[in-house]
Amino acid sequence: MRHLMRHLTRPATRPAALAALAALAALAALAARPALAQPAAAQAAPAPPPPPAASRPERWRESPFSGARALRDLRRYAARGHRYYGAPEREQVIEELSRALRGEGEEAPAAPPAAPPAAPPATQLLTQRFEVTERGSGVKYTLTNIIARLAPERRRRVLLGTHWDTRLWAEEDADVARRAAPIVGANDGTSGLAALLELARLLRARPLAHIGVDLVLFDGEELGRPGSDDYCAGSRHLAARLSELYAPPLDPAPAAVVVLDMVGDAELTLPPERSSLQTSRALTQLVWQEASRQGARAFVADRLGPWIIDDHSPFQQLKIPSILLIDYDYSPWHTHHDTADRCSADSLQQVGATLWGALARLDDALAPAPASPPALAPAPQETP
Ligand SMILES: [Zn+2]
């Protein structure tokens, strides 16, 4: 992931950023149903402004998404060995992740009480294997994207992604002698992974009604030295071949892309990432509005985060609504101190509960329209 500092300091972005903040403030007063894909007339009357964040009930604690279970996965994969390109454990981990995404050997979370048991959606597992040459060094790497398609037959789809690779280098470490050694990447490379594995469990136990979900573990996100353009190799690979995955009868692209990166920090703060708000405002608002409803205080709307190049970026270039959830303010970033003890179940739970709620909203908002709109149906005829 790369941080574009110039977007923080360029004065021309300021009015836009202020307008964006105003939009976020207005968002808090919106009715519960999001504006995404809805005509304005269909929206309910504005609700009264929500109470201040501090007094809002913490609904995220009651979410079926389990931050504790996600933290167990985070710890397990962080202890499992390195996931940089060519690491000896790598093939084994690809196997394990594939099995986990298919739900093999997984304890299923409880189905909702008082609901008839629903059949879990079919899961199609795909891997994309490809070679990338790092431009600076000329070194070739073999990379693997892991894709689990839930309800693969459904036309309208949402892509949830995160990177599963961990960094080969620790260029930010204070110990210069260890900068060439690979990092654990408990938050950077494992927190998003753990959140997606838990969402996969939930999506099987409590299937969505209308949309399909593509869970994508991107490889090669970390394949870049500071300042290089080699980052995000896996998402660039997938975005360049989107039509292979999104072919008729599916829509030609996912309706929304949500990418997680560094969402496990025990001191989590998630301001909207700048490119997300600028290019994909409705989707950003939908997620932050859901966080507000959940009382998930890690999500803040009173400031904007920096502009980040990450796995959402190639999809933004394709004009697909694509957002990134990231806490960039993480001091162990790209050091040997990015370890599991810095991460917390509560942080993962706030993110997971928010995403779970956002998925329900997207499922609603993207439901296929009825074949013939009621307004156009012929009036019943009164025959004598
Ligand atoms: Zn990183």
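## Helices α3 and α5

Helix α3 (residues 67-79) packs against α5 at about 135°, their axes 8 Å apart. Here an axis is a line fitted to C-alpha atoms, for helices over the stretch in contact, and angles run from 0 to 180 degrees between N-to-C directions. The two helices are therefore oblique to each other; angles under 35 degrees count as roughly parallel, over 145 as roughly antiparallel, 65 to 115 as roughly perpendicular and the rest as oblique. α3 crosses α5 in a right-handed way, meaning that the near helix is turned clockwise from the far one by less than a right angle.

On the α3 side, R69, A70, L71, D73, L74 and Y77 make the contact, and α5 brings S191, L193, A194, A195, L197 and E198. Sorted by class, these are eight nonpolar, one polar and three charged residues. Ala, Val, Leu, Ile, Met, Phe, Trp, Tyr, Cys and Pro count as nonpolar, Asp, Glu, Lys and Arg as charged, and the others, Gly among them, as polar. Two residues are in contact if their C-beta atoms, placed from the backbone, lie within 7 Å.

## About the model

This is a predicted model, in which local features need pLDDT of at least 70 and side-chain atom pairs count only at pLDDT 80 or more, while totals for chains, interfaces and linings use all residues. Residues are numbered from 1 along each chain as its sequence is written. Helices (H or I, at least four residues) and strands (E, at least two) are DSSP runs, numbered from the N terminus.

## Helices α5 and α11

α5 also meets helix α11 (residues 345-365): their axes come within 10 Å and cross at roughly 45°. This pair is therefore oblique too, and its crossing is right-handed. From α5 come S191, A194, A195, E198, L199 and L202, facing L348, V351, G352, L355 and W356 in α11. Eight of the residues in this contact are nonpolar, two polar and one charged.

T190 lies in the loop between β4 (157-163) and α5 (191-205). It has 29 C-beta neighbours inside 10 Å, so T190 counts as buried (20 or more; 12 or fewer is exposed, and in between is partly exposed). Beyond residues up to four places away in sequence, T190 touches L74, Y77, A78 and G185.

L74 is also among the residues with the most contacts inside the largest nonpolar core, together with A194, A195, L199 and L215. That core has 86 residues; such a core is a set of buried Ala, Val, Leu, Ile, Met, Phe, Trp, Tyr and Cys residues joined through C-beta atoms within 7 Å.
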